[in-house]
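Please open the structure in the viewer and keep the selection tool at hand.

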Amino acid sequence: MKRIFVNEEWCLGCHLCEYNCAFANTVSAGKSKANEMAKALKGKKIFPKIQVEENDGIYFAVSCRHCTDPLCVKGCIAGALSVKDGVIEIDQDKCVGCYTCVLSCPYGAIMPAEDGHVAQKCELCTRNSCGSPACVAGCPNNAIVFEER
Amino acid sequence: MNYVIIGNSAAAVGCIEGIRKNDKESAITVISDEKHHTYSRPLISYLLYGKTDEERMKYRPDSFYKDNDVTPILGKKAVKIDTKNRKVMLDDGKAVPYDKLLVATGSRPFVPPMKGLDTVENKFTFMTLDDAKALDSVLTKDSRVLIVGAGLIGLKCAEGILDKIGSLTVIDLADRILPSILDETGSELVQKSIEEKGVEFMLGTSAAEFDGNKAKLTNGETVEFDVLVIAVGVRPNTELVKEAGGNVNKGIVTDRFCRTSLPGIYSAGDCTESHDITTDTDRILALLPNAYMQGETAGLHMTGTDKPYDKAIPMNAIGFFGYHMITAGSYDGEKTVYADGENYKMLVTKDNLLKGYIMIGDISRAGIYTKLIREQVPLDSIDFELVKEKPQLMAFSLADRKEQLGGVR
Ligand SMILES: Cc1cc2nc3c(=O)[nH]c(=O)nc-3n(C[C@H](O)[C@H](O)[C@H](O)COP(=O)(O)OP(=O)(O)OC[C@H]3O[C@@H](n4cnc5c(N)ncnc54)[C@H](O)[C@@H]3O)c2cc1C
Ligand code: SF4
Ligand code: SF4
């Protein structure tokens, strides 16, 4: 299965992936981009599912690894996380926001959603209008790629 | 092959999913004395305050038994395991033959003998969907509720019902709340936040005697109530295995593949003891992720995959009225504390390992700490100063990150 992989030596720490993620999952996603993106996100605190770590000149973006042995799924107390064709999906309707998945994920790749009542995670843009990861599409430097390895 | 599972909760589902990874053909029968489709037990408090409903709290979709070719026998209790003839005897006299059996009977509420308890009309425990519905059916906006037990279940119950009732008092013999997962500072913080919502605590005392709707406490005070909830603890359902001659300590004794001492019989979940790697002791870890993973291990082993379950640790993620906490491991060792207002963090290290942690308020990326404990990562192999500050992958070596994020094996 295709996954998002990180080439950390090429990451500039520009945080564009975070913006593209946040935008991909808003209602206006899919419309004429630059304008809509600014309208949707400018000046707002964003809640992306991909997060850039930085320290001392090193940068890299972390999002769900879509583990083959996913601890988040096994631990979910509600049965809200599941594996569909290799993609780890969350059913936010079933999720009760207990954050057992946050406790379980070894990558720190699942987090409380904006409203603080449910969890959210990367679903590889399979369930929004993008179809393939918006973070990868928008990365100017190939610091994240979407491929089979 | 003929697989039989007693129990229909997290451990049972883990076992079914484990078996079906390897064996799509053989018969699987699930026996449970609860009549419901498999549901998430921890969600009963969320059900009461409307964050979920009976449909959404199903642990697996309606099609689960059909999709996995499972024959459910619901509403029937297993009363005996006939190990000689490899049969499970049911309370209706029927016998269910097995080749391999999983005992996933979980736990039940512990109700200590208390003087005058029989004089209390409205008394409940809080474990099952039926318990939750029964409790809900007597609550009114004027109810005065007394919960005995300030542990996870008692306090989750409090959260679930507070908005529906008149007043709520929680008593506990311990002098602080959630002593099994929090340190003193943590207990204080969380108690304060729950009190602010309107729950009254009476700690360091217990009910000496009940008389109708009055509880006389050991500290001399009296509490009047309309509804009583007893949530002082749980006991593992070990009887079936014990009576069949299997090894049982506090919980059912199993090996790394979740086998009991009886041939062909496995056990998983709240009815078993796990090996806690942070203390190197065997103890009951009554937690859903633990139950699922033990069940899965059993299912895999039954069907030929020897994948040991040998990384059990105590771990909890829980919140009350929007205030969240995540805790894991054990707290014996050197402590580092970070506190600012609502947020509290404590890390415990010993022998070059992270042994435990508490995060309250800000719980982001806690799983990175859990990993350090679970995988027993030597702290001198990472930049521990960085990870102390906040959980981050930056603390791992470049080679390690290439593996974790770059798919390099
Ligand atoms: C209110 C509440 C909140 C909780 N919150 C959390 C939480 O936030 N996080 C967490 O990790 N854990 C939580 N737990 C604990 C969690 O629910 C358990 O760890 C988990 O359900 C264990 O699963 P299990 O499969 O071992 O057994 P159980 O869920 O106990 O299920 C065992 C099943 O077997 C059936 N059974 C038993 N004996 C027989 C028999 N002889 N014949 C037929 N059927 C039988 C029982 O009726 C039951 O249906 C909570 C528990 C409660 C009660
Ligand atoms: S959320 Fe974490 S544990 Fe779950 S699949 Fe993604 S990386 Fe793995
Ligand atoms: S927060 Fe939601 S997805 Fe995560 S474990 Fe809890 S119920 Fe499952």
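The model shown is predicted. Begin by selecting B:Glu200, which has a relative accessible area of 45% and is therefore partly exposed. This residue belongs to strand 12 of chain B, which covers residues 199–203.

The tour now turns to aromatic rings. A pair of such rings is described by two quantities, the distance of the centres and the angle of the planes. Over all chains, the count comes to four aromatic pairs. Select B:Tyr46 and B:Tyr49, whose ring centres lie 6.0 Å apart; their planes meet at 35°, so this pair is tilted. Are these two residues buried or partly exposed? B:Tyr46 is buried, because its relative accessibility of 4% falls under 20%. B:Tyr49, at 35% relative accessibility, counts as partly exposed.

For the last stop, select B:Tyr357 and B:Tyr369. Here the ring centres are 5.4 Å apart and the planes stand at 55°, so this pair is tilted. Where in chain B do the two partners lie? B:Tyr357 is in strand 25, residues 353–360, while B:Tyr369 is in helix 9, residues 366–374. The two are 12 residues apart, and the pair links distant parts of the chain. B:Tyr357 and B:Tyr369 are both buried.

How values were computed
Residues are numbered from 1 along each chain as its sequence is written. Chains are lettered from A and ligands numbered from 1 in the order in which they are written. This is a predicted model: local features need pLDDT of at least 70, side-chain atom pairs count only at pLDDT 80 or more; totals for chains, interfaces and linings use all residues. Side-chain values use heavy atoms; hydrogens and water are left out. Helices (H or I, at least four residues) and strands (E, at least two) are DSSP runs, numbered from the N terminus. Buried means under 20% relative accessible area, exposed over 50%, partly exposed in between (1.4 Å probe, protein chains only). Rings of Phe, Tyr and Trp (its six-membered ring) pair if their centres lie within 6.5 Å; planes under 30 degrees apart count as stacked, over 60 as edge-to-face and the rest as tilted.
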